[in-house]
Amino acid sequence: MSVFDEATVGELRELMGRYPQARSALLPMLHLLQSVEGHVSTAGIELCAELLDLSAAEVSGVATFYTMYKRRPMGTHHVGVCTNTLCAVMGGDAIFERLSDHLGVGHDETTEDGQVTLERVECNAACDFAPVMMVNWEFFDRQDPASAVELVDRLRDGEQVASPRGAEITSWREAERVLAGFEDGRVDEGPAAGDASLVGLEIANERGWSAPVADSAASAAQESKGEAVAEADTQRAESETVAEESGADVEGGAGDRQEASGGGSEPQAEGKADD
Amino acid sequence: MTDVLTPVLSAGWADDRAWTLDAYTRRGGYRALAKALTTTPAELIDLVKESGLRGRGGAGFPTGMKWSFIPKDNPNPTYLVVNADESEPGTCKDIPLMMASPHTLVEGVIIASRAIEAERAFIYVRGEVLHVVRRLRAAVREAYEAGHLGRDIGGSGMNLDVVVHAGAGAYICGEETALLDSLEGRRGQPRLRPPFPAVAGLYASPTVINNVESIASVPAIVEHGIEWFGSMGTEKSKGFTLYSLSGHVKRPGQYEAPLGITLRELLELGGGMRPSPDGTDAELKFWTPGGSSTPILTAEHLDVPLDYEGVGAAGSMLGTKALQVFDQTTSVVRCVLRWTEFYKHESCGKCTPCREGTWWLVQVLRRLDSGQGRAGDIELLQELCGNILGRSFCALGDGATSPITSAIQYFRDEFESGMHTPSAELFPPVASTLFATEATA
Ligand code: FES
């Protein structure tokens, strides 16, 4: 069975066994192949096709649809710079430009020493830490051109680097193995949350704010607490003690908006997310 | 009245090793599950229905009602799928939640699965967040070890298996039917509806797909009750939620508050806009209420209640409550171009209006951004948007038009300047950056 050893084939089968239908494992399988080979090769495509009883063309169609799958060999480290709007404005464009100059590579290219593949990435769900960089899909928050250059230089020198909101950086291939579905024992590294994630909680703690106490006996206590902070609060009190009402508050029928990834028309997309 | 900020989901995020079962249990975690295990599925659905919980992933559809659409007589197994593919530009609430407190989600998954009588659940998390994937996998493992997952959970007779599934980079997979195709090992392309996933979803079986925050909100509702939940928020937008503040503000981050808080209040809590290089506070120019697919708003909208109805009445949508705030140094044309490039890149190619339309939009916007716009370009943009909006297969196309039409509505003169002056000349990009003061110094 091709260039892959028994252990790899065994793990691919293990992934297939995790789902009611084996084909559901295809995305994890491709992640695993990337961890073994450093990219998705033709042999890898053929192996998946054989195991899942699909044509190579079908597997290849899937592999090329998703941006995380790479058909060309990758560098040891994947360095992503978020250049979606918010990060771009906050400095992501400048960071990418500087890195590109410094490394002598463009988007989706690998340095000659094989250490770093540079990529522009889309919003990585960390906009409150903008501008954001990712190394092997670990967060590096609030970067600037100088810190970005320093970071990639340390990676290229083989220095130990840890994500401020994640684990120690290993390699892109090791990251891909975790994404495929195999734990690497690094879950307890790093903090629970970065500082921006805790901003609201900190303000609430400073001011003695919390969610209401559950039982109704406590509502009196709640009220006096409310008064104490009344000067900070202001407008929004009146609306919220309004009587309980059934949740069936969607006007205009459940039809299109129902399963709604945004439901299309009227008034228009509700964001594209699911519910 | 309730407090201005009401941390529920985020309450434990600063705890020592908050991601562990230990820390979560110490805070009262899995008490709601114990309660749910002695509650019938029908009662759980009613409870969530009556709570008024609405989907936190963007569309705001009532969660309990979604659950109630699962047919009772379908011979196929029922599935729960959690949409953890957070990738709407600006949206950054589910990722910190799963990083800091993955058990909140896992507990919600178990309760929701009981309600819809699913014995298999999937958490489809975007692949680009390695440490979050680690935390989720470990939480699921710990939940199995504690007997919260697997066979005969807590002696209730309930069985549930959960798989954490990492995606591979495709915004479209946040669209729920595309997500299902992706989870079946295919290209992530949206499906025609009907049939709706409640009837024919994953493997053509009854499926509920909910956003992370929606599911994570369920344990608190089960534990504290619907009156407690309804004491927060507004009449039609009940409860607490995560608001994500980003951009040119002093304290970007997650703010958990009752629905209906305003951007003015949030900004005041966080100390307002960032300081300008000259020392004064920057001016708010425009903002998105709920990610890039929601029409932009301006400083006139600072007092709009950030609930489903309030933002809707202001001509936009609450969306994912991703408040991306831009100050007066920012070129709106540049921003709109970048968002549009994103939609073009992420268009799955299935339908023509979106695939071709976003390509044309980018061409026209590039001209305007570089000061090479032609007479009639603004009208051309509007016409193109008109041909995409409501004519695309899924919401991606509609979302692509939102920033453009709203930006033209509020900042038409900036697009007109694009006929002769590059945006970078009018708004030097360096002034907008986080490191602007150092750079200009
Ligand atoms: S725009 Fe960069 S993380 Fe959201």
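## Domains of chain A

The centres of domain 1 and domain 2 of chain A, taken over C-alpha atoms, are separated by 28 Å. Domain 1 of chain A covers 6-65, and domain 2 covers 77-171 + 183-204; these bounds come from an automatic or database domain assignment.

This is a predicted model, in which local features need pLDDT of at least 70, side-chain atom pairs count only at pLDDT 80 or more, and totals for chains, interfaces and linings use all residues. Residues are numbered from 1 along each chain as its sequence is written, chains are lettered from A and ligands numbered from 1 in the order in which they are written, and side-chain values use heavy atoms, with hydrogens and water left out.

## Chain A overall

Chain A has 10 helices and five strands. Helices (H or I, at least four residues) and strands (E, at least two) are DSSP runs, numbered from the N terminus. Of its 275 residues, 56% count as buried, where buried means under 20% relative accessible area, exposed over 50% and partly exposed in between (1.4 Å probe, protein chains only).

Among the contacts in chain A with a separation of 6 or more, 60% come from residues 24 or more positions apart. A contact means heavy atoms within 4.5 Å.

## Helices H3 and H4 of chain A

The axes of helix H3 (residues 42-52) and helix H4 (residues 56-63) of chain A come within 8 Å and cross at roughly 120°. Axes are lines fitted to C-alpha atoms, for helices over the stretch in contact, and angles run from 0 to 180 degrees between N-to-C directions. H3(A) and H4(A) are therefore oblique to each other; angles under 35 degrees count as roughly parallel, over 145 as roughly antiparallel, 65 to 115 as roughly perpendicular and the rest as oblique. On the H3(A) side, Ile45(A), Glu46(A), Cys48(A) and Ala49(A) meet Ala56(A), Val59(A), Ser60(A) and Ala63(A) of H4(A). By class, this contact of H3(A) with H4(A) has six nonpolar, one polar and one charged residues. Ala, Val, Leu, Ile, Met, Phe, Trp, Tyr, Cys and Pro count as nonpolar, Asp, Glu, Lys and Arg as charged, and the others, Gly among them, as polar.

The buried residues of H3(A) are Gly44(A), Ile45(A), Leu47(A), Cys48(A), Ala49(A), Leu51(A) and Leu52(A). Their cover includes helix H1 (6-17), helix H2 (26-37) and H4 of chain A. Asp53(A), which follows H3(A), has a positive phi, near 60°.

## Helices H2 and H4 of chain A

H2(A) packs on H4(A) at an angle of about 80°, with the axes 11 Å apart. The two helices H2(A) and H4(A) are therefore roughly perpendicular to each other. Leu26(A), Leu27(A) and Leu30(A) of H2(A) make the contact with Val59(A), Val62(A) and Ala63(A) of H4(A). The residues in this contact of H2(A) with H4(A) are six nonpolar, no polar and no charged.

## Sites in chain B

Arg338(B) is placed in helix H14 (residues 332-346) of chain B and is buried, with a relative accessible area of 19%. Leaving aside neighbours within four places in sequence, Arg338(B) is in contact with Thr83(A), Asn84(A), Thr85(A), Ala88(A) and Asp93(A).

Helix H8 (residues 176-183) of chain B is mostly covered, with eight of its eight residues buried. Gly185(B), which follows H8(B), has a positive phi, near 85°. Ala59(B) lies in the loop between helix H3 (41-51) and helix H4 (63-68) of chain B and is buried, with a relative accessible area of 4%. The C-alpha atoms of Ala59(B) and Gln409(B) are separated by 24 Å, the two being 350 residues apart along the chain.
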